[in-house]
Amino acid sequence: MYSDKENINILTSLLVAHGVRHAVVCPGSRNAPIVHNLSECPSLTCYPVTDERSAGFYALGMALRTGLPTVVCVTSGSALLNLAPAVAEAFYQRVPLVVVSADRPQQWVDQLDGQTLPQPGAFGRFVAAAVNLPEVPSGDRESHWHCNRLVNEALLAATARGGAPVHINVPISRPLYNFTRHDLPQERTVVRIPALRTDTTLIMRQMNEARRPLIVVGQMRDGELPRAVTDALAIRHYVVLQEALSAEDGSESLDAMLKAADGTEFPLPDFIVYVGRTLVSARLKDYLRRAADARCWRIDETGAVIDTFMNLTGIVEGRPADVLAAVGGSGPVGWYDRWQQLRALTGEHRRSYEPAFSTMLAVKRFEERLPADDAGARVFYANSMAVRMGCIYARHRIGCNRGVNGIEGSLSTAAGYSLLSDGNVYCVIGDLSFFYDRNALWNSRLRGNFRILLLNNGGGGIFEKFPAIADAADALNVKAQYRTTARGFCSDNGVDYLSVADGSHLDEALRWLTGNASGPRLLEVVSDSSTDWTNYENYFNTL
């Protein structure tokens with residue numbers, strides 16, 4: 001019988017799946033449920049050693065003999081610290097030593113409770129990975145996924161790049177000794193194909209066998225994934241989903257495509273390849289997270305365990321362009337045609353939908369005129385509503401600080417880019433992002449190639465999508481509503497300034513923004529946040 005602690009069962013199942021066959025176990029009460037599980041598992045052999053300092057080196061010797069990851073399991077408190085010499089030795093010998101430590105619940109750390117100290121991160125840089133497993137309530141899918149992902153991440157790190165020690169910390173609440181599970185859970189095991197291995201036959205076979213394969217491309221820098229690679233895939237009827245953060249010629253709005261598919265029982269993919277970094281589309285992420293049974297491969301040079309869609313099968317440690325260029329065969333035509341129908345529908349809607357005067361209208365008109373006025377320009381969008389509208393209208397690659405999606409620094413990033421660029425650089429930015437980063441204009445080196453389209457609707461427009469915030473008594477505080485203009489900041493810093501507050505003068509103002517200039521320019525579009533949100537919402541509701 002196995003423990004009723006789900007994090008312990010997940011750990012035990014994955015230790016076996018990742019090839020662990022030997023465990024050195026030390027005495028203790030808090031780690032007793034872990035030791036019990038390891039002892040119950042028929043494919044694992046346990047070796048008791050009382051002294052933790054010695055136990056660490058016992059496990060080191062076993063790992064040296066077998067070449068396999070080997071566990072050393074200790075109880076909470078100072079027992080863990082006694083493993084430090086063995087961990088350091090394993091680090092420099094590149095030995096896959098897996099430290100498993102039981103821990104008290106986090107709320108008791110530093111509260112003078114027995115055998116309790118801050119255990120996560122105790123070995124610093126001497127481990128390739130250190131994870132702290134969550135306690136998993138029964139039926140909590142997200143906590144289960146989180147625990148599974150962390151164990152996979154640590155065990156993959158133990159055998160990567162020649163081997164290294166890792167630390168898996170396991171908080172355990174009382175009661176400790178309920179052993180009610182007859183069997184271990186069948187856990188998802190993430191695999192990694194190393195960079196030196198060129199054989200990706202498994203992935204290619206799964207892709208060719210799939211009835212509904214998808215290739216999803218997150219944010220990428222210029223040149224990381226040449227258009228020739230994605231065009232070749234599309235010609236062979238593979239569905240490639242890209243936002244303007246990765247596509248050289250911009251992209252359809254993935255949010256709009258999936259909104260258009262609502263209510264049509266649109267099928268889920270059964271095979272996913274994910275390359276690049278972050279995605280803007282929340283609808284796409286929700287859609288792919290529902291594909292729990294899909295095989296999902298992440299192609300990433302770093303080999304990092306990134307499980308955005310909660311269904312990761314494995315990682316290919318290589319350059320996305322190289323792996324995707326090697327894809328053969330062809331995709332299912334019917335599946336490809338369904339996505340093409342969505343593309344056609346949303347493309348026509350993007351062209352025909354005419355918002356009332358709003359920030360959305362300003363972005364639409366700006367992007368419509370940009371190819372004729374300034375075809376070689378580079379455009380940066382700030383986070384929040386600005387980049388969402390950019391993903392609808394931009395027909396070129398856009399820049400955006402999507403690493404952590406913060407509003408700070410968007411203006412400064414675009415300004416810095418402009419200092420080293422010969423062509424014009426535009427920054428499309430909302431008012432909160434602009435005023436937060438207004439010191440970007442405090443620079444005498446800015447030139448006439450830097451242009452700013454400021455979308456000022458008097459606060460955080462994206463909060464209009466949350467009725468509970470809009471109706472709350474403290475809505476003004478949450479939404480940071482105010483009415484400030486950029487005129488004074490521009491005057492103080494030598495930036496040419498123009499504002500527009502109605503549709504009749506918008507086109508003329510945009511011509512001014514994109515025209516020849518001797519110094520930096522800022523066009524401020526002054527609108528109303530509720531009207532802005534109504535126009536944005538209607539765009540999707542009228543698909």
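Analyst: Buried means under 20% relative accessible area. Keep that in mind as we look at the aromatic rings of this predicted model.

User: Happy to! How many aromatic pairs does a search of the whole structure find?

Analyst: The search turns up 18 aromatic pairs.

User: What makes the pair of Phe91 and Phe126 edge-to-face?

Analyst: Their ring planes stand at 85°, with centres 5.7 Å apart. Edge-to-face needs planes over 60 degrees apart and a pair needs centres within 6.5 Å, so Phe91 and Phe126 qualify as an edge-to-face pair.

User: Why is this pair said to tie together parts that are apart in sequence?

Analyst: Because Phe91 belongs to helix H5 (residues 84-93), while Phe126 sits in the loop between strand E4 (97-103) and strand E5 (129-132), the pair ties together parts 35 residues apart in sequence.

User: What is the geometry of the pair formed by Tyr287 and Trp339?

Analyst: That pair is edge-to-face, with 6.2 Å centre to centre and 70° between the planes. Tyr287 is in helix H10 (residues 282-289) and Trp339 in helix H12 (residues 333-352), 52 residues apart.

User: Are Tyr287 and Trp339 buried or exposed?

Analyst: Both Tyr287 and Trp339 are buried.

User: How do you know that the charged end of Arg283 sits over the ring of Phe540?

Analyst: The distance to the ring centre is 5.1 Å, against a limit of 6 Å. Phe540 is also one of the residues in an aromatic cluster, with Trp533 and Tyr536 among the others.

Methods. Residues are numbered from 1 along each chain as its sequence is written. This is a predicted model: local features need pLDDT of at least 70, side-chain atom pairs count only at pLDDT 80 or more; totals for chains, interfaces and linings use all residues. Side-chain values use heavy atoms; hydrogens and water are left out. Rings of Phe, Tyr and Trp (its six-membered ring) pair if their centres lie within 6.5 Å; planes under 30 degrees apart count as stacked, over 60 as edge-to-face and the rest as tilted. Helices (H or I, at least four residues) and strands (E, at least two) are DSSP runs, numbered from the N terminus. Buried means under 20% relative accessible area, exposed over 50%, partly exposed in between (1.4 Å probe, protein chains only). A charge sits over a ring if NZ of Lys or CZ of Arg is within 6 Å of the ring centre and within 35 degrees of the ring normal.
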